[in-house]
Every structure is written in C-alpha cells, then in structure tokens.
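Good morning, colleagues. Please look at the sequence and the model on the screen while I take you through a few selected contacts.

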Amino acid sequence: MSKTVLFSMTALASAAVSANRFVGLLTGAHCAAGAKPQGVSCYAAAVGEAFEVDVYGTRMVEAGDIIAPGAEVKSDATGRAIPRAGAGEIGGYAISGASAAGQLIEVLLRF
C-alpha cells in the first residue's frame, strides 16, 4: 500500500484532528457522517494548528468498518472510511480492502 498525492492544501484545525481521516469541506475538522470531504488529513493536529490535507490522488485512510477492494467509500462520524451504502457523499474508491475497523486502506480520492 502506498499513496500518490497530486494536490494538497493547508487547513486550520477547528477541532482535534487525527491522521488518515476524511476532513470536512472547509471545516478544519473530521468529516461528519456522509458529508462532503475536502480531503484526508496527513497527520494529527490540535485546535488552532495548521495541517496538511491531501485532496487529489490516492491516500491511506483509516477504515471504520470492513471494506471490500473496489467499494465506494464515504466518511463515518469520525472521518473514517466506511462502505457507501445508500445516501452520503462519496469520498472515493477503496483500492485495498479492510478486514476490520482501524486498518489503513488505500483510497482513490473522489470529491
């Protein structure tokens, strides 16, 4: 597993942010469940700290559930990737799968 980042942005943390999680569009915080992501956090940040958000390319994202390779993924309430079943904004496509929550998977970002 790896990552290929084509574009990153800097965000200002409005809440504590963990690494490898979806970040809400212009929120500076973990993406809400099914909300539109801006990208994926590159590292953890405390409130008020600047952090890097990968926006385009492929990126390692923490899984919040079992995910099959090729599945569409969206954000859960803590910014982790979960299968997109039904409603919710797509965050990307799982390139690799997860057999349990907490594993890192490679995601082709699509916002």
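This is a predicted model: local features need pLDDT of at least 70, side-chain atom pairs count only at pLDDT 80 or more; totals for chains, interfaces and linings use all residues.

Residues are numbered from 1 along each chain as its sequence is written, and side-chain values use heavy atoms, with hydrogens and water left out.

Let me begin with charge. Side chains of opposite charge can pair when their charged atoms come close. A salt bridge here is a side-chain nitrogen of Lys or Arg within 4 Å of a carboxyl oxygen of Asp or Glu. The whole structure holds 6 salt bridges. One of them joins D54 to R59, with the closest N and O atoms 2.6 Å apart. Buried means under 20% relative accessible area, exposed over 50%, and partly exposed in between, with a 1.4 Å probe and protein chains only. D54 is buried at 1%, and R59 is buried at 3%.

Another salt bridge brings R84 and E72 together at 3.0 Å, N to O. R84 sits in the loop between β6 and β7 and E72 in strand β5, 12 residues apart. Strands are DSSP runs of E, at least two residues long, numbered from the N terminus. R84 is partly exposed at 31%, as is E72 at 28%.

Now to D76, in the loop between β5 (72-75) and β6 (81-83). Is D76 buried or exposed? At 12% relative accessibility, D76 is buried. D76 forms a salt bridge with R80, the closest N and O atoms being 3.3 Å apart. R21, E62, D76 and R80 belong to a network of salt bridges. Contact means heavy atoms within 4.5 Å; leaving aside neighbours within four places in sequence, D76 touches C31, A32, A33, G64 and I82.

Next, the strands. Two strands pair if DSSP finds at least two bridges between them. β4 and β8 (residues 104-109) run antiparallel, joined by 5 bridges, and T58 stands opposite L108 in β8. Strand β7 (residues 92-94) is also antiparallel to β8, with 3 bridges.

Finally, the rings. Rings of Phe, Tyr and Trp (its six-membered ring) pair if their centres lie within 6.5 Å; planes under 30 degrees apart count as stacked, over 60 as edge-to-face and the rest as tilted. The count is 1 aromatic pair. The centres of F7 and Y56 are 6.2 Å apart and the planes lie at 40°, so the pair is tilted.

Technical notes:
Helices (H or I, at least four residues) and strands (E, at least two) are DSSP runs, numbered from the N terminus.
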